[in-house]
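This briefing gathers selected local features of one structure and groups them by topic. Please read it alongside the sequence and the coordinates shown here.

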Amino acid sequence: MQFWKGDFLKLAIRRATLSKTFTPVLVGSALKNKGVQPLLDAVLEYLPNPSEVQNYAVLNQENSQEKSRHLLGSARDDSLPFVGLAFKLEAGRFGQLTYIRVYQGMLKKSDYIYNTRTGKKVRVQRLVRMHADMMEDVDEVYAGDICALFGVDCASGDTFSDKSSTDLSMESIHVPDPVISLAMKPTNKNDLDKFSKGINRFTREDPTFRVHFDNENKETIVSGMGELHLEIYAQRLEREYGCPCDVGKPKVAFRESIVAPVP
C-alpha cells in the first residue's frame, strides 16, 4: 500500500486528536455553504469511531443514593441488551420524529423498547436512517448507528432500552450556554397563539434554544447559539405557523438609586 505525504499528515493529526493533545480547527460558513464538506471529511478522518470510545450508562438503584457507572459494549450484534439515547426531536410530516443514537446492542423493526425515565413501553413501528432530508427505511440498526423513530412520545435526553435494562440511563448530553439573546414578538397581536405553539415546539426539539419572559419590559427573550440560529427560528415561525415576527435587541430596564446623602 502506497501512502502519500498527505496521508501521513492525516494519520498524525488523528493520533494527536485521539490523545487529546491536538485540536484541529476548521473555518467556514454554514450560511454561505462554505467549508461544510471539509468539516464532514475531518469528522471521519480525525475523530474516533464508536468502537474506539468507551461509553458509560448510569445504573439507577432505588435503594442507593450513589449512582454507579456501567460500561457499554460496542459490538455490532445482538449479544448485549439494547441501549439508546434520544438526542433530538423533530416534527415531521408523519408526526414526531425521534433521533436515537444506539450505544449498545441491536434494535429491530417491530421490537418493543422502554423509556427508562417514564417506564412506558413503545413499539418500533418504523425504523429509518436519515440522509439530510431523505429517509431510508431499515430493518435493524446496531451500536454506533443513528436512526429515527416515528410516533414516540418522549423528551430530548431520554434513554431507551429493552426490558432487561430498564435500570440504565445514559448520561445527559452537554448543552452549552446560549451566546446571544434577542427580543421576539409576533408582528400581529392576533398571532399570539401561533407564536406560543411554535415556541413551545422549538424549545422541546432543541435544548440550545431557550426562551423566557422579561416581566419588567414585557418582552419574550429568545436565546441561542448565534444570530443565524435565532433568525432561522423566526423564519420557521412565519413559514410553518404563518406567524411573522419582529426581532430586535432586548430592552434594558434603567433604575435610579441614591448614590450620595442629601443634606
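This is a predicted model: local features need pLDDT of at least 70, side-chain atom pairs count only at pLDDT 80 or more; totals for chains, interfaces and linings use all residues.

**Cysteines**

Cys 243 counts as buried, because its relative accessibility is 0%.

- The structure holds zero disulfides, and Cys 243 accordingly takes part in none, the nearest cysteine sulfur being that of Cys 245 at 4.1 Å.
- Seen from the other residue, the sulfur of Cys 245 has its closest cysteine sulfur in Cys 243, and the separation of 4.1 Å is too far for a bond, since a disulfide is counted here when the two sulfur atoms lie within 2.5 Å.
- Cys 245 is also buried, because its relative accessible area is 17%, and the cut-off for that class is under 20%.

**Helix α4**

- Helix α4 covers residues 227-241, and its 15 residues should span 21 Å at 1.5 Å a residue, which agrees with the 21 Å that separates its end C-alpha atoms.
- The residues of α4 that count as buried are His 229, Leu 230, Tyr 233, Ala 234, Arg 236, Leu 237 and Tyr 241; they cover an arc of only 155 degrees around the axis, so they are placed on the same side of α4.
- The packing partners of these buried residues are the strands β14 (180-186), β16 (219-224) and β17 (245-248), together with the helix α3 (192-205).
- Gly 242 follows α4 and has a positive phi, near 60 degrees.

**The sheet β2-β1-β13**

- An open sheet is formed by three strands in the order β2-β1-β13, and the pairing within it is antiparallel.
- At its edges stand β2 (68-71) and β13 (168-170), each of which pairs on one side only, while the twist from one strand to the next averages 45 degrees.
- Strand β1 (residues 56-59) runs antiparallel to β13 and is joined to it by three bridges; across this pairing, Leu 59 stands opposite Leu 168 in β13.

**A buried loop residue, Ala 143**

- Ala 143 is placed in the loop between β10 (140-142) and β11 (146-150), and it counts as buried because its relative accessibility is 3%.
- Leaving aside residues up to four places away in sequence, Ala 143 touches Gly 73, Ser 74, Ala 75 and Arg 76, as well as Val 102, Tyr 103, Gln 104 and Gly 105.
- For one of these contacts the separation is given in both sequence and space: Ala 143 and Ser 74 are 69 residues apart along the chain, whereas their C-alpha atoms are 5.7 Å apart.

**Loop residues with positive phi**

- Lys 20, although it is not a glycine, has a positive phi of about 60 degrees; this residue is found in the loop between α1 (5-18) and α2 (36-46).
- Lys 20 is classed as exposed because its relative accessible area is 76%, where the class requires over 50%.
- Ser 110 is likewise not a glycine and has a positive phi of about 80 degrees, and it lies in the loop between β5 (106-108) and β6 (112-115).
- With a relative accessibility of 36%, Ser 110 counts as partly exposed.

Definitions and conventions:
Residues are numbered from 1 along each chain as its sequence is written. Side-chain values use heavy atoms; hydrogens and water are left out. Helices (H or I, at least four residues) and strands (E, at least two) are DSSP runs, numbered from the N terminus. Buried means under 20% relative accessible area, exposed over 50%, partly exposed in between (1.4 Å probe, protein chains only). Contact means heavy atoms within 4.5 Å. Two strands pair if DSSP finds at least two bridges between them. Axes are lines fitted to C-alpha atoms, for helices over the stretch in contact, and angles run from 0 to 180 degrees between N-to-C directions. The expected span of a helix is 1.5 Å times one less than its number of residues. The arc is that of the directions from the helix axis to the C-beta atoms.
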